[in-house]
Amino acid sequence: MIDFSLTSDQKRLLELARDFSEKEIRPVALEYDRDGTYPEAILKKAHELGLMYTNIPEEYGGSGMDYVTHYVVTEALNYDCCAIGQMIGISHLSTGAILFGGTEEQKKKFLGRMTESYRSSCYCLTEPGAGSDAGAMRTMAKKTSDGYVINGSKCYITNGRDSDLLCLFATTDRTLGTKGICCFAVPRDTPGISVGRVEDKMGHRALTVTEIFFENVELGRENLIGEEGQGFKLAMMALDRGRVNIMAVCTAIAQKAFDEASNWAREREQFGQPIGNFQAIQFMLADIYALILATRAMYLHMGWMLDQNIRCTVEAASGKFFATDAAMKVTTDAVQILGGSGYMKGTVVEKLMRDAKLTQIFEGTNQINRMVSGRGILSKQCIQF
Amino acid sequence: MNVIVCLKQVPDTETQIKIAPDGKSIVTDDIKWVMNPYDEYGVEEALRLKEKFGGEVTVVSLGPKRVTESIRTALAMGADKGILISDDALEGSDSLATAKALAAAIKDLDYDLIFTGQRGVDDDMGVVGASLAEFLDVPQFSVIVKVEVAEDGKSVKAHRPVEGQVLVVESSLPALITTQKGLNEPRYATLPGIMKAKKKPFEEKTLADLGLDPAKVGEGGRKVKILELTPPPKRGEGKIIEGETPQEKAAELAKLLHEEAKVF
């Protein structure tokens, strides 16, 4: 049975997220983008309302949403500013691996702390020498008698500066490649962790991205999530879900650009009539709308797959590059429709276009996602409809 | 402190209202129904009193089944119980019949304060609050922007704006207050609140449950009949003030405001 109608609970949650975006995010979105402001007050409020950690089950203090609802809410939260929306969303990626690989005790300890009062988290995978090629990871987890000692550095870590909990990936043996990677839950106040440069970015400016350094950071056995060598698998599991998340984010970016462009097409007059009367503009809007319909249907479908425990690695990789390429095209076309007015700094579509670019790069570049998808197709991992 | 909030479901204020072919009602298809904004102030105030004094907040509403959704919204915000008076015979009731039915549902409840919106934003009658107070025989304060319940929870002071001044009135409890914009800033329904709302007690009552005569309510029981609904007049074209200097333009504007628009 295929049913796209939302339940009354889902509608209410969607309304909450929309309301939140409109009242809390929209009024500051352009200013925060201009100044690269850390949206702390908004994050705290989101936490208060239960919009953070929607992935964490109720027994650990989260709201335990199913994936479909989670992604519907994510789209709404990212409509007015995807940088702020994803500062809320990063909490789900970072806690994901702990949720999938952690023991009951670890989940209670690490996740319970995140939900009981406002605490944020980050996902530390990328390194200067290990982006798409996670197997080239250099951050070392050296085994000791009662735990591990971590040395190394991470870069481009979303919310790295302000996180209370780090989901850290490090290797016990570099010669093992991805099979040597381990996942650790690391409280930020563990001695030896320091934050480096806060990056100045083209878009996603209210999203803080930093370097993080680890110098003789001592961890106990209880910080290891899953078995040794399971880290890469846990990282990918979290990323599968994160990629569907990106699709919902991109649907929001595209929807916002579409709303701006279609309003403009109705109002802007040239040659004595609204420019929307011209076929050239109509075709662009039609193409944009088709892409929005497609990306939304894709994330709903994959959310449903995740809810059914159907593995969707190939599909999430395909959807990720499709939705992010769509967001890039849609925002570029929206700037085109608004013309000079859309290209000026401080306008909504100009921001959206800068924001969209990052989506093609993060959580796996679109090239690596095409590789994941292509390999999966050849090894017959795609779903049968 | 037990507080009752009367809630009306109304069309979202952003809805484009269309008059139905009968000329006496509106087209209800495609309307987004929401909680009357004045009632949201009531819910918020009730929740604040509950936080301060303890007790329960009960939401009472009257209308078709769809009103359940608005009651659930109030429950998601933090109210404890919902009661919906729903009966086909109530269709088309006027304000007086509505107040009678509400009074019948409320009279046996244990309450210290009742909030109603000062009016519904749909038909702007502003009658239910006053009538309900009368039927329940409790003091009533209308159009209130500030509520102060005494520390002992036995009396209430209410602030009402009057021509730029404030009138402060006091009464023993129980009492009924009709809410005005400015009373508070209603909270969001939180996500856990939304999840919990469906597990909260919710009751539906019919006219028979309340011991009311179907002939005295609904379309047939109306004391006030709606004769006609007319759309607001179309806005005329704007006027551009001509003149060489700002002084000339200002003088012309003043003249037009006085003679044509008659605003002073």
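**Lead findings**

Between domain 1 of chain A and domain 2 of chain A, about 2,000 Å² of area is buried, and carbon and sulfur atoms give 66% of this area. The count of salt bridges between domain 1 of chain A and domain 2 of chain A is zero, whereas the count of residue pairs in polar contact, both at pLDDT 80 or more, is eight. The model is a predicted one. Between chain B and chain A, the buried area is about 1,300 Å², with 63% given by carbon and sulfur atoms.

**Domains of chain A**

- The domain assignment divides chain A into domain 1 (8-114), domain 2 (121-227) and domain 3 (232-378).
- Taken over C-alpha atoms, the centres of domain 1 of chain A and domain 2 of chain A are separated by 22 Å.
- The contact between these two domains involves 27 residues of domain 1 of chain A and 23 residues of domain 2 of chain A.
- Eight residue pairs in polar contact, both at pLDDT 80 or more, are counted between domain 1 of chain A and domain 2 of chain A.
- On the side of domain 1 of chain A that touches domain 2 of chain A, the elements that give two or more residues are helix H1 (8-35), helix H4 (82-101) and helix H5 (104-116) of chain A.
- H4(A) gives the most to that side of domain 1 of chain A, with 13 residues.
- By residue class, the side of domain 1 of chain A that touches domain 2 of chain A divides into 14 nonpolar, nine polar and four charged residues.

**Interface of chain B and chain A**

- Chain B gives 13 residues to the contact, and chain A gives 18 residues.
- Within chain B, the residues that lose the most area to chain A are B:Tyr188, B:Leu191 and B:Ile194, which together account for 55% of what that side buries.
- The rule finds three salt bridges across the interface of chain B and chain A.
- B:Lys198 and A:Asp9 form a salt bridge in which the closest N and O atoms are 2.4 Å apart.
- Five residue pairs in polar contact, both at pLDDT 80 or more, are found across the interface of chain B and chain A.
- Helix H2 (67-77) and helix H5 (191-197) of chain B are the elements that give two or more residues to the side of chain B that touches chain A.
- The residues on this side of chain B comprise seven nonpolar, two polar and four charged.

- A:Asn159 lies in the loop that runs between strand S3 (147-158) and strand S4 (165-171) of chain A.
- A:Asn159 counts as buried because its relative accessibility is 0%, and the cut-off for buried is under 20%.
- With neighbours within four places in sequence left aside, A:Asn159 is in contact with A:Tyr38, A:Met87, A:Ile90, A:Ser120, A:Ser121, A:Cys122 and A:Thr208.
- The side chains of A:Asn159 and A:Ser120 are joined by a polar contact of 3.0 Å.
- A:Asn159 and A:Glu260 are 101 residues apart along the chain, and their C-alpha atoms are separated by 29 Å.

**Backbone features in loops**

- B:Leu173 and B:Pro174 are joined by a cis peptide bond, with omega about 0°.
- B:Pro174 is placed in the loop between strand S10 (165-172) and strand S11 (175-179) of chain B.
- A:Asn309, a residue other than glycine, has a positive phi, near 60°.
- The loop that holds A:Asn309 is between helix H7 (279-307) and helix H8 (313-338) of chain A.
- A:Asn309 counts as exposed because its relative accessibility is 71%, and the cut-off for exposed is over 50%.
- B:Asp124, also a residue other than glycine, has a positive phi, near 55°.
- B:Asp124 is found in the loop between strand S6 (113-117) and helix H4 (128-136) of chain B.
- With a relative accessible area of 42%, B:Asp124 is partly exposed.

**Overall features of chain B**

- Chain B contains seven helices and 12 strands.
- Along the principal axes, the C-alpha atoms of chain B fill a box of roughly 70 × 50 × 40 Å.
- Chain B has 264 residues, of which 43% count as buried.
- Among contacts in chain B with a separation of 6 or more, 70% are between residues 24 or more positions apart.

Definitions and conventions. Residues are numbered from 1 along each chain as its sequence is written. Chains are lettered from A and ligands numbered from 1 in the order in which they are written. Side-chain values use heavy atoms; hydrogens and water are left out. Contact means heavy atoms within 4.5 Å. Buried area is the accessible area (1.4 Å probe) that two parts lose on being put together, summed over both. A salt bridge is a side-chain nitrogen of Lys or Arg within 4 Å of a carboxyl oxygen of Asp or Glu. A polar contact is a pair of N or O atoms within 3.5 Å; within protein, one must be able to donate a hydrogen and the other to accept it, and residues adjacent in sequence count only if both atoms are side-chain atoms. Helices (H or I, at least four residues) and strands (E, at least two) are DSSP runs, numbered from the N terminus. Ala, Val, Leu, Ile, Met, Phe, Trp, Tyr, Cys and Pro count as nonpolar, Asp, Glu, Lys and Arg as charged, and the others, Gly among them, as polar. Buried means under 20% relative accessible area, exposed over 50%, partly exposed in between (1.4 Å probe, protein chains only). Domain bounds come from an automatic or database domain assignment.
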